[in-house]
Amino acid sequence: MTSANHEGGARQRASLPLWVTASIKTLGSIAVTMLGLVFITFIIGRVMPIDPVLAIVGERASQSTYDAVYYQLGLDKPVIVQFGYYVWDVMRGDFGMSLLNARPVAEDIARVFPATLELATLGVCFGIVLGVPLGVVAAVRKGSWIDQLARVVALVGYSMPIFWLGLMGLLVFYGILGWVGGPGRVGIFYEDVVPSVTGMILVDSILDRNWTVLKDAFSHIVLPASLLGYYSLAYISRMTRSFMLEQMSAEYITTARVKGMSEWDVVWKHAFRNIRVQLITVIALSYAGLLEGSVLTEIIFSWPGIGSYITTALLSADMNAVLGGTVVVGLIFILLNIFSDLLYKVFDPRAR
Amino acid sequence: MMEPLLDVEDLWVRFPTRQGVFDAVRGVSFTLGRERLGIVGESGSGKSMTGRAILRLIRPPGMVEAKQISLGGVNLMDKTEKEMRAVRGQRISMVMQDPKFSLNPVMTIGDQIIEAYRQHNRASKADAYAKALEMLEAVSIRDPDRVMRAYPHEMSGGMGQRIMIAMMLIPNPEILIADEPTSALDVSVQRQVLDIMDKLVKDRGMGLIFISHDLNLVADFCDRVLIMYAGRIVEICEADKLSEAKHPYTRGLLNSLPRLDAPRDHLEVLQRDPAWSEAPSVSGRL
Amino acid sequence: MAEQTLRQWLLTDTPTSRRHAKLSALYQGWLSFRGNTMAMIGLWILVALVAIAAAAPLISPHDPFVQDLGNRLAPLGTDGHILGTDSLGRDILSRLIYGSRITLYIVALVALIAPIAGLLVGTVSGYVGGWVDVVLMRITDIFLAFPRLVLALAFVAALGAGIENAVLAISLTAWPPYARIARAETLTIRSADYISAIQLQGAGAMRIITRHIWPLCISSLIVRVTLDMAGIILAAAGLGFLGLGAQPPSPEWGAMISEGRRFILDHWWVATMPGLAIFTVSLAFNLLGDGLRDVLDPKGGE
């Protein structure tokens, strides 16, 4: 279910007469992974030095109130039963109440998630649009200045703390040059101007045909999205380069040249076609990585997404919110992996 | 023999390495008419490099130098890369060793053959498809419709190589370079693939350069044989007179092979003489 | 033998003993590593870092904890404070110098804990096989399924903020890739003929794993650890930045950025300097890792 799994796994699983058992196996391992993920969060919740009962009833509650809540939460039951309850709750999308604002955590997450999705999606788009061609050219012209550039871009990307780069970007492009909007999703004058349909402000403002808000929202998102995009660019370009190098030395490339094809066609119609499958995995992984990277980015840019949500909850010891957020992000990780596995099978004739 | 199809004169292939320049092919000269010319040598003898150099497929940092590689009186060395592309496939084509690697694994066979045809011929998709079917039939593939839709990994080695031949002959080139075309195949299908290739080459009046490490096979199949050693041609023979070869390397090769008609208790081990690689190349030009 | 120099002795083609062969291999690796300029730059930066950390009390111009509210937020190049002062008037350069100790401490601990845990899990899983393998690899997969930073956040939340807990949280998220590598290596080694030979001689699983499999996994693990160091530093800095790592007034670089963040628009250097320090050190680790990979694991490179 994880990236490294497909190399050996996908091909064996694909043997057609066994496809039913194979699918069951796949589904089974997905289920086990998800269960494990929920289990780890559950354990973390148990270990947390916060008394869940006290957190609900408050310090001054009487012993009887305390006991009532204690039994209501099922804390008298064996741990395994408690875990069962927890799994059941998670499956129903019930992460409990936020201790901070007494609202269901699931609702809060649904509210903040589109902001993260919007940011990460735009970021990964930057990464793909720039990173793939950069990686391809770096591989085809190995050793050229473009290859060196790609190397430096990747090295810097792997070495720079994202939150610091965000601060620097804010300082230069907002503070000094004034080219982009500051922290937040829109300027304060535009807040809540467009009705929230998808929760993604770029989409919402387009749906509302409110171009002023669109422009303002874009000026706010462009910096954090390019930052995230830079990190995914570093990763995608590096991986693209090494995949392409491998393909360009393959014999079928000589075949294409013998046919009299131009180098452009050889690269894009033959070699690139062969790395699409691997690229999908890389892009899915980098997308997942951006969801993670957005935790720190969102804080720098006061972006009201799931990263901000988890961190705020963490600092105010809002256990349910932390665990809920962690489970959701983890599940999205797994789903992205499954998704790339499926696309793998669509695009690679050998894996069907 | 009349006007040769291809005239190679003083061909060098060089690769810069950390220890200095390595000469893979050193001053090789030969001509090719409408014949089957065999090039035999052990691995590293420069035989494959010779084939690739003719198509100017040696990639930098490798370098190709030659007085001339002339195709129908035009020197290929003077052509630009763009002009070379009109030569590749359309006038000189090449079949490589292993169809497992030389066919693009993620494209259907049909697409790959059609692509080879449309690269040099203006044809509608439907015409190209019909042409490709016809070509697959010419290499004795039954059920060509199904094969057109199939992917390379669904084919056996013998079928893959026949597909490769079909693909390389569809633009109707004058010369085919076959670089160890049967080495990766099962012995049982080797002959079949060779026969198909032979027939097509003969019917179309093409020239064939057959590169192999298998002396017996080449002697059987070709008209003339060049024997390469350490980047040079050490001897040239008519294939049917191979047993009269004089060069000690050729003799050594022959003696190290078991023969049904003259069984021996001990096969000789090839003794190498450093002088072989020093001696100048023998010219294979007619 | 007498006139033979040490260099010749090291470069010999015919080593006379096992130790000789080992030293010779090491020396040749070092020679090819030394030819890699970028890797050498990385190495020198790290040597300098270690030296700075060791000599912190001697070279830092001020006490990193002494506040001077009268001289707060002094700009770069101020007399006596080359890199300026922070919001409490503490000398930034001195804090950076002392901060290098924390960085090294975190990196060293994680680099010890995570690969060893991964090595244990991976070799046992690969050698024993069967359901043990299935269970261990499933657990590894589950940990890999988590986004690392989020998992580390959750762990720190459970364990409480602090530098040791940050180390533990990062290690908990860092071991699965090592387990994967060690398992893959074990699987290839396990089926080798010489392992069968040792088994025939009566060696037990314990001995085979510790004496024959571990030594062979080490080089690929070292490469991976060096390449991961930068990630560890960034993760630690991230936790520090969020206030979950080292606690104030400790001069941890990530926490320093967090403090400086409030003044970013007017007093940019407060947050910029520690960021540059983090960047330099993780860049050095990346350069070193690339170089080591070329020497130790040529097939893993590009």
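Me: Where does Ser302(A) lie?
Reply: Ser302(A) sits in the loop between helix H12 (263–300) and helix H13 (306–315) of chain A. Helices (H or I, at least four residues) and strands (E, at least two) are DSSP runs, numbered from the N terminus. The model is predicted: local features need pLDDT of at least 70 and side-chain atom pairs pLDDT 80 or more, while totals for chains, interfaces and linings use all residues. Residues are numbered from 1 along each chain as its sequence is written, and chains are lettered from A and ligands numbered from 1 in the order in which they are written.

Me: And what is phi of Ser302(A)?
Reply: Phi is near 45°, a positive value in a residue other than glycine.

Me: What about phi of Ala230(B)?
Reply: Phi of Ala230(B) is near 50°, again positive in a non-glycine residue. Ala230(B) counts as buried, with 21 C-beta neighbours inside 10 Å.

Me: Switching topic: which peptide bond from Pro60(B) is cis?
Reply: The bond from Pro60(B) to Pro61(B), with omega near 10°. Pro61(B) lies in the loop between helix H1 (47–54) and strand E4 (63–65) of chain B.

Me: How many residues of chain B are in contact with chain A?
Reply: 23 residues of chain B are in contact with 17 residues of chain A, contact meaning C-beta atoms, placed from the backbone, within 7 Å.

Key
Two residues are in contact if their C-beta atoms, placed from the backbone, lie within 7 Å. A residue is buried if 20 or more other C-beta atoms lie within 10 Å of its own, exposed if 12 or fewer, and partly exposed in between; C-beta atoms are placed from the backbone.
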